[in-house]
Amino acid sequence: MTGALIQRIRRLFYDRSGPLTAELKLSDGGPAVGRWPGHMLPDATTDLVCGFCATGCSLTAHIRGDNAVTLSPNTQHPVNLGMACPKGWEALSALDAGNRATQPLIRRQGRLEPVEWDEAAEEMLTRMRAVQAEHGPDSCAFLSTGQIPLEEMAFLGLLARGPLGIRHGDGNTRQCMATAVAAYKQSFGFDAPPYTYADFEVSDCIILVGSNLSIAHPIMWERIKLNRNNPDIVVIDPRFTETAQGATHHLQIQPKSDLTLLYGVARQIIEIGGVDTEFVRNHTRDFEAFSEFVRPFDLAHTSAVTGLTAREIQTLAAQICNAKAASLWWTMGVNQSHEGVLVAQAIINIALMTGNIGRPGTGANSITGQCNAMGSRLFSNTTCLAGGHPFADPSARALVSQTTGLPEHLLPESAGWAYDQIIRGVLDGQIKALWVIATNSAHSWIQKSGLSEALEALDLLVVQDMYADTQTAELADIVLPAAAWGEKEGVFINSERRLGVIRAVRRAPGAALTDFRIFKLIAEQSGNADLFSRWTDPESAFRMLAETTRGNVCDISGITSYEQISETGGIQWPYRGEQDNGAERRLFSDGCFPTADGRARFVFGSPRAPKAQKSRSWPLTLTTGRGTAVQWHTQTRTSRSAVLKKLYPESVYIEINALDAAIRGINDGSEVAVQSPDATVRATAHVVSTLRPGTVFMPMHYDETNMLTFAEFDPSSRQPSYKYAVVEVRPVGTTLS
Ligand SMILES: Nc1nc2c(c(=O)[nH]1)N[C@H]1C(S)=C(S)[C@@H](COP(=O)(O)OP(=O)(O)OC[C@H]3O[C@@H](n4cnc5c(=O)[nH]c(N)nc54)[C@H](O)[C@@H]3O)O[C@H]1N2
Ligand SMILES: Nc1nc2c(c(=O)[nH]1)N[C@H]1C(S)=C(S)[C@@H](COP(=O)(O)OP(=O)(O)OC[C@H]3O[C@@H](n4cnc5c(=O)[nH]c(N)nc54)[C@H](O)[C@@H]3O)O[C@H]1N2
Ligand code: SF4
Ligand SMILES: [Mo]
């Protein structure tokens, strides 16, 4: 080992959680003091944004000695107003888990063996270069995440797609938000969710489409509860969810019939004279063509397709037209669909035609999933260039090059393959090396039978995770142990475009490094230290990245430090400087949209059936989603909490309507076999009254569920349609045909 290398490794080990600049406040609110650790400050607190969902609650970490010992909701924060859901309260337990990845691992003779960092990085780079030399740049890919700070995402995207020459990179944001991104870009000219959470509190008609808010975003649901206007709360969902149960109206729509419903409602709005003609004339395009297009969606047709009554459809149209401020919100029931982009745009169209945009309590509002999916949308360098610019924009390329120090020719020039194309490459052998960062694809990918075997068969699978025993890490050739939320610093952007800071309040276990430092190590070890010399620490990286947004719709060039963000309770983009001050801000209040002519577009297209078709063999529609407020995704984190574990079923279950259960001889609590054209899994039957006959539901948190899903994708967003498959369910003991 060279002296320089030893120096570098030593530095990495002695400062393994990144620069620990967590500013500490005394719990009595006294002045900020010192750097942590090293300072023994009993009873100090520091605030950090939650690392689970995109609500972006602020949590207060209570520190004893040099360790956060407990968390409580921040009472001063404009997002959560002193509230947090159980995942937030219990977030430290994910860090305490005994199975944390603490040492880099390399597979030798079939077993993962601990090695030093330099060896792991060297092995990864050597094997990746060998794959590239033999099979070309298209043979390497990475899959990343919406759950690490934006500084880390940007570093990864620029390093991997730049000097490392990895052509294809995408992230789990594709599974989640790609549809909203595509819809906003086409309709508004930029990926710009326009709202602020205060809109929940002042709207007098709140329409939730395919969103189980009280489970998936519990604190947003609490914000609705603070609404003093006695609003109509309409939930459009094939299931009578916890959210529907707390709403004023539930429209129990047939799965994947939303597009017809929304066009039917648009036609009704036109018929009853509910169009805001002035707004449409001054701020939109293509309304005439749209109104012509929706004419065939009369009540009879809409009712037949959606399973709703004509009265329900008329009532919804009237509610929107009678509201002073109507807001439409959507989540995965819309995004995860074979025609999700059109559905999202149909929601946008309703907001536009009724002038419900840019005013308090209004909006066509996509709710984000992961804590930093909004950051990944702008900074990951996978679907656009850092700062939210099109790859091909020459002035943006110059700006990004100038601010980051990377020469223009090393900036990615276009998007690589999308997630589904990368997985297809893994399955058909075109992808030979894959680097997976902070996502658990072997569990969460759609219709995944055969995927684990294909991942295992790769020439090289590198998994960078906080645990070494995730379904994906167990298949890895190399495991890179990562520090997690709570052990590092950086910026997340929440659902309402608010930047929030995370802080190091714990020391990472063993030799685990922050993702930022892992990327730095790989940059240096691959001979690219000079290119990334400006990437010294997350806050310096943040300053560069803020500069890359200058002049763009998401301009945050007015933000120059983490302290500025934390002191103000988070800052919503855009923030160019003092002219953008103010606690809550929404977009488009001037009716001006970031399209070439300043007008929003009506975009529409004909509904079509999903490819998975019901039949005599496959008579049930399977839909999937979040099961409880205490389970997070593939459960790598939430299953570490003894408290949370008490609050959800340990093994996989399927919800089935009483009628469907009775005709199959299935009792509540009994074991059943769920069969799709692809796979069969065992589950416990939960006989419920919350589903219509013909539809069954399985939560995504169990490994079995994605054995059964059906891989169809929205053609323009390439987002997987996780919520529509066909299955049969039988009591165990019966032969499956
Ligand atoms: N507790 C918890 N909270 C989370 C997460 C978690 O794992 N656990 N994950 C976070 C992430 S990343 C995301 S993306 C969000 C997801 O948040 P949500 O989208 O709210 O959650 P889901 O349960 O996936 O889907 C919402 C609803 O869509 C409905 N649905 C299914 N098909 C259709 C359809 O055809 N039409 C309509 N209208 N509705 C349909 C389902 O019945 C379900 O109730 O949650 C975030 N918050
Ligand atoms: N059937 C079905 N499947 C679905 C969905 C559905 O509704 N139905 N929803 C989809 C959606 S919306 C989403 S977002 C995806 C989520 O799917 P995944 O992204 O696969 O789920 P997670 O469990 O959140 O995986 C995150 C991984 O990152 C690790 N990790 C956490 N923090 C860090 C960190 O700081 N650094 C590193 N290196 N690793 C870290 C965790 O241990 C975990 O292994 O699932 C999708 N899959
Ligand atoms: S609602 Fe979301 S952001 Fe808030 S505490 Fe719960 S998981 Fe964290
Ligand atoms: Mo998501």
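I start with ligand 3, whose shell holds eight nonpolar residues, three polar ones and one charged one. Before going further, note that this is a predicted model. Which residues make up that shell? Around ligand 3 we have Cys50, Phe52, Cys53, Thr55, Gly56, Cys57, Ala84, Cys85, Lys87, Gly88, Pro218 and Ile219. Two helices, α2 (86-89) and α9 (218-225), each give at least two residues to this shell.

Next is ligand 1. There are 32 residues around ligand 1, and those that come nearest are Ala216, Asp237, Lys256, Asp258 and Gln631. Sorted by class, the shell around ligand 1 has 10 nonpolar, 15 polar and seven charged residues. With asparagine 212, the pair is a polar backbone atom and an oxygen atom of ligand 1, 2.8 Å apart. With isoleucine 236, a backbone N or O atom is 3.0 Å from a nitrogen atom of the ligand. With aspartate 258, the side chain is used: one of its polar atoms lies 2.6 Å from a nitrogen atom of ligand 1. How much of ligand 1 does the protein cover? On its own, ligand 1 has 910 Å² of accessible area, and the protein covers 100% of that. The space that ligand 1 takes is the second largest cavity. In terms of domains, domain 3 (178-366) and domain 4 (620-731) each contribute at least three residues to the shell around ligand 1.

Now ligand 2. Here 33 residues surround the ligand, and the closest are Asn172, Ser444, Asp465, Asp515 and Thr634. That shell is made up of 11 nonpolar, 17 polar and five charged residues. Alanine 438 takes part through its backbone, with a polar atom 3.3 Å from an oxygen atom of ligand 2. Threonine 624 has a polar side-chain atom 2.9 Å from a nitrogen atom of ligand 2. Tyrosine 722 also uses a polar side-chain atom, at 3.5 Å from a nitrogen atom of the ligand. As for cover, the protein takes up 99% of the 920 Å² of accessible area that ligand 2 has on its own. Strands β16 (460-465) and β22 (620-625) each supply at least two residues of its shell. At domain level, at least three residues of the shell around ligand 2 come from domain 2 (105-176 + 371-566), and at least three from domain 4 (620-731).

Let me put the two sites side by side. Domain 4 supplies at least three residues to the shell around ligand 1 and at least three to the shell around ligand 2.

Last, the backbone. Where is the cis peptide bond that I want to point out? The bond from tryptophan 573 to proline 574 is cis, with omega near 0°. Proline 574 sits in the loop between β20 (571-572) and β21 (600-601). The other detail is glutamine 109, which is not a glycine but has a positive phi of about 50°. Glutamine 109 belongs to the loop between β5 (105-108) and β6 (111-114).

Technical notes. Residues are numbered from 1 along each chain as its sequence is written. Chains are lettered from A and ligands numbered from 1 in the order in which they are written. This is a predicted model: local features need pLDDT of at least 70, side-chain atom pairs count only at pLDDT 80 or more; totals for chains, interfaces and linings use all residues. Side-chain values use heavy atoms; hydrogens and water are left out. A residue is near a molecule or strand if one of its heavy atoms lies within 4 Å of it. A polar contact is a pair of N or O atoms within 3.5 Å; within protein, one must be able to donate a hydrogen and the other to accept it, and residues adjacent in sequence count only if both atoms are side-chain atoms. Accessible areas come from the Shrake-Rupley method with a 1.4 Å probe; for residues, only the protein chains shown count as cover. Helices (H or I, at least four residues) and strands (E, at least two) are DSSP runs, numbered from the N terminus. Ala, Val, Leu, Ile, Met, Phe, Trp, Tyr, Cys and Pro count as nonpolar, Asp, Glu, Lys and Arg as charged, and the others, Gly among them, as polar. Domain bounds come from an automatic or database domain assignment. On a 1 Å grid over the protein atoms alone, a cavity is a set of points where a 1.4 Å probe fits but cannot get out, and a pocket is an open set with protein on both sides within 12 Å along at least five of seven lines; lining residues have an atom within 4 Å of a point. A molecule sits in a cavity or pocket if more than half of its atoms lie within 2 Å of its grid points.
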